[in-house]
Amino acid sequence: MPDVHLPTTLTPLFAGLPRRLDVEGATVLEAIDRLEEQWPGLRDRLVAEGPALRPHIHVYVDKERVDLDGRLEPRSRMDVIAAISGG
Amino acid sequence: MARTLVLVGTRKGAFVLESDGDRRDWALRGPYCEGWPVYHAIWDSGSGTIYAAAASEWHGSAIWRSGDLGESWEMSSEGLSYGDDEGRKVSKVSTLATAGSRLLVGVEAPGIFESRDGGETFSLVSTLSGQPGSEAWDDPANQPPGHLGISGFVTDGGDAERFFAVVQGVGAFETTDGGSSWTPRNRGLRRDWPAEHEEVGFCVHKLVRSPSDGQRMYQQNHVGMHRSDDEGRSWHEITEGLPSDFGFAAAAHPHDRESFYVIPLDAGHGRIMPEGKATVWRTSDAGSSWRPLRQGLPQEGAHLGVLRQGMAIDSYETPGLYFGTSTGQVFASPDEGETWTMIADYLPAISSVDVAMVD
């Protein structure tokens with residue numbers, strides 16, 4: 001299963017959500033939707049209307065920046081980054 | 001013993017200042033809401049809940065709630081969306097109010113959502129579509145700085161179906177059917193710019209109603225202080241005697257329909273208190289005259305700004321006034337504004353102040 005890494009801004013919002021976990025899914029959106037099943041409300045913290053990734057949320061799969069339709073392989077590493085913004 | 005809580009929304013989370021009924025000694029706790037920018041934190045006396053409208057740069061908008069006076073918090077945005085097909089986006093939750101058991105949420109792009117289950121889920125009430133010019137409200141080029149969308153509510157304590165909503169840079173609107181239909185309530189307001197529509201195109205910064213007389217309303221406008229004696233159907237200007245016609249914050253005295261407080265600001269880019277003197281102004285005759293309240297407030301080098309949700313008043317027999325600044329100070333007066341004390345400093349920039357009286 002893909003190895004998903006989440007930002008530190010996200011984990012305090014959901015009880016028991018770890019920084020790193022294995023998640024089923026063939027695309028980024030599928031993996032996020034799988035997380036949503038266990039932590040309701042999580043999708044809305046990463047995905048805006050459209051659906052589209054929120055403007056300052058970046059996702060990398062195996063070090064390549066992708067969008068919600070980015071493909072995941074069983075051994076992929078998916079990094080969700082809260083990009084530097086604000087102040 | 002009575003507890004008095006001042007709820008402070010800041011750019012880095014919500015804070016709570018707590019005192020007793022005397023309102024002399026205060027203790028600060030926070031930050032709450034994981035440091036999200038909080039645009040408006042309010043007290044719902046009906047349910048004993050604190051609600052905070054917050055919008056994270058990273059994680060979007062949500063309403064935080066606490067049922068234990070701020071000790072623990074939950075957050076939800078379920079239903080707080082225009083959906084994937086509309087093209088409109090909720091960029092920010094700007095303001096909150098309660099109307100009966102409903103929690104009203106004002107958002108940008110301009111729209112009103114409600115929660116009927118205490119902030120767990122939300123649904124769209126209205127975008128005020130059909131009002132003159134509303135088709136252009138979503139265009140960022142047409143929006144005033146701040147991009148607040150719906151910037152304030154005034155609710156009717158006795159009738160949950162009847163309330164006012166302010167669209168930033170457009171004007172005030174009233175509904176009497178819970179949000180299904182709307183009527184502009186801007187007649188008589190000053191407007192120093194050309195506009196296409198007679199009834200809309202006004203810049204209402206803060207709208208308040210006298211708790212002791214629902215017909216009596218006041219507003220701090222972009223251009224002038226105004227009063228209404230007929231529940232917003234007509235307005236006339238009462239700026240004379242104030243040092244500026246510009247400001248954001250305003251509060252109505254809970255027991256005296258003639259008394260009202262404002263914080264005038266320089267109208268240019270600065271938008272800070274004139275001459276570096278922190279001052280709240282009070283009228284006790286419905287705007288015929290104004291008196292500065294300065295005792296205890298800094299009178300030298302105090303270049304303070306206060307935003308539209310930045311002042312609150314409690315409803316003790318002798319009401320207390322509170323305001324928070326964009327440089328992180330909170331000032332409080334336990335005696336209707338006659339004397340003041342700084343009760344917090346070094347907070348993040350303050351967006352909102354509300355007050356709760358708890359038995």
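Predicted model: local features only at pLDDT ≥ 70, side-chain atom pairs only at ≥ 80, totals over all residues.
Residues are numbered from 1 along each chain as its sequence is written, and chains are lettered from A in the order in which they are written.

**Strand neighbours**
- β25(B) pairs with strand β24 (residues 311-313) of chain B in the antiparallel sense over three bridges; strands pair if DSSP finds at least two bridges between them.
- B:Met311 stands opposite B:Phe323 in β25(B).
- β25(B) also pairs with strand β26 (residues 330-333) of chain B, antiparallel, over four bridges.
- B:Tyr322 has B:Ala332 in β26(B) as its bridge partner.
- Five residues lie between the strands in the hairpin of β25(B) and β26(B), where B:Gly328 takes a positive phi near 90 degrees.

**Chain B as a whole**
- Chain B has zero helices and 28 strands. Helices (H or I, at least four residues) and strands (E, at least two) are DSSP runs, numbered from the N terminus.
- Of its 359 residues, 52% count as buried.
- The C-alpha trace of chain B spans about 55 × 45 × 40 Å along its principal axes.

**Contact with chain A**
- Chain B gives 14 residues to the contact and chain A gives 17 residues; two residues are in contact if their C-beta atoms, placed from the backbone, lie within 7 Å.

Key
Buried ≥ 20, exposed ≤ 12 C-beta atoms within 10 Å, placed from the backbone.
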